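Here is my note for your reading. Please keep the structure open as you go through the points.

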Amino acid sequence: MKAANDNAPFKTLDALPLFATDHQIAVAVVGRAKAETWRRRTLPILEARGFPRVDPLHEGRPTALIKKYYDTYLGLNASYVPTGTAEEEDPDSWLHGRRNRISKRRA
């Protein structure tokens with residue numbers, strides 16, 4: 001059964017209300033096509049790992065805390081410093097390095 005707002009424009013987490021429903025959050029996180037599966041299967045796993053709970057007074061989950069949760073989950077809270085630039089990269093070295101490791105294992 002489709003929700004009444006299935007034809008509504010797609011929203012990101014930033015565009016959701018301060019307290020959002022599980023369906024709104026699921027659509028924002030994984031899109032409409034995967035939202036129901038995410039809600040049924042993934043959400044209970046995330047809750048066990050500290051995903052923000054439903055606030056009973058507001059009947060939704062606090063989106064600010066959900067954004068913080070995903071920042072931590074994705075490692076966005078840690079400072080990221082790239083080790084090199086694209087000009088310095090040599091994709092061929094990746095292939096040759098892999099081949100050398102495979103050859104050494106077979107020997």
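Predicted model: local features only at pLDDT ≥ 70, side-chain atom pairs only at ≥ 80, totals over all residues.

1. Residues are numbered from 1 along each chain as its sequence is written, and side-chain values use heavy atoms, without hydrogens and water.

2. The largest nonpolar core has 15 residues. Such a core joins buried Ala, Val, Leu, Ile, Met, Phe, Trp, Tyr and Cys residues through side-chain atoms within 4.5 Å. Ile25, Trp38, Phe51 and Tyr70 have the most contacts inside it. Helices H1 (22-30), H2 and H3 each supply at least two of its residues; helices are DSSP runs of H or I, at least four residues long.

3. Leucine 46 lies in helix H2 (residues 32-48). Why does leucine 46 count as buried? Its relative accessible area is 5%, and buried means under 20% (1.4 Å probe, protein chains only). Beyond its neighbours within four places in sequence, leucine 46 is in contact (heavy atoms within 4.5 Å) with Trp38, Phe51, Tyr69 and Tyr70.

4. The whole structure holds 6 aromatic pairs. Rings of Phe, Tyr and Trp (its six-membered ring) pair if their centres lie within 6.5 Å; planes over 60 degrees apart count as edge-to-face. Tryptophan 38 and phenylalanine 51 are edge-to-face, at 6.2 Å and 70°. Both are buried. Phenylalanine 51 and tyrosine 69 are 5.2 Å apart at 80°, so this pair is edge-to-face.

5. Trp38, Phe51, Tyr69, Tyr70 and Tyr73 form one aromatic cluster. Tyrosine 73 is found in helix H3 (residues 63-73).

Key. Buried < 20%, exposed > 50% of the residue type's maximum accessible area, 1.4 Å probe, protein only. Phe/Tyr/Trp six-rings, centres within 6.5 Å; stacked < 30°, edge-to-face > 60°.
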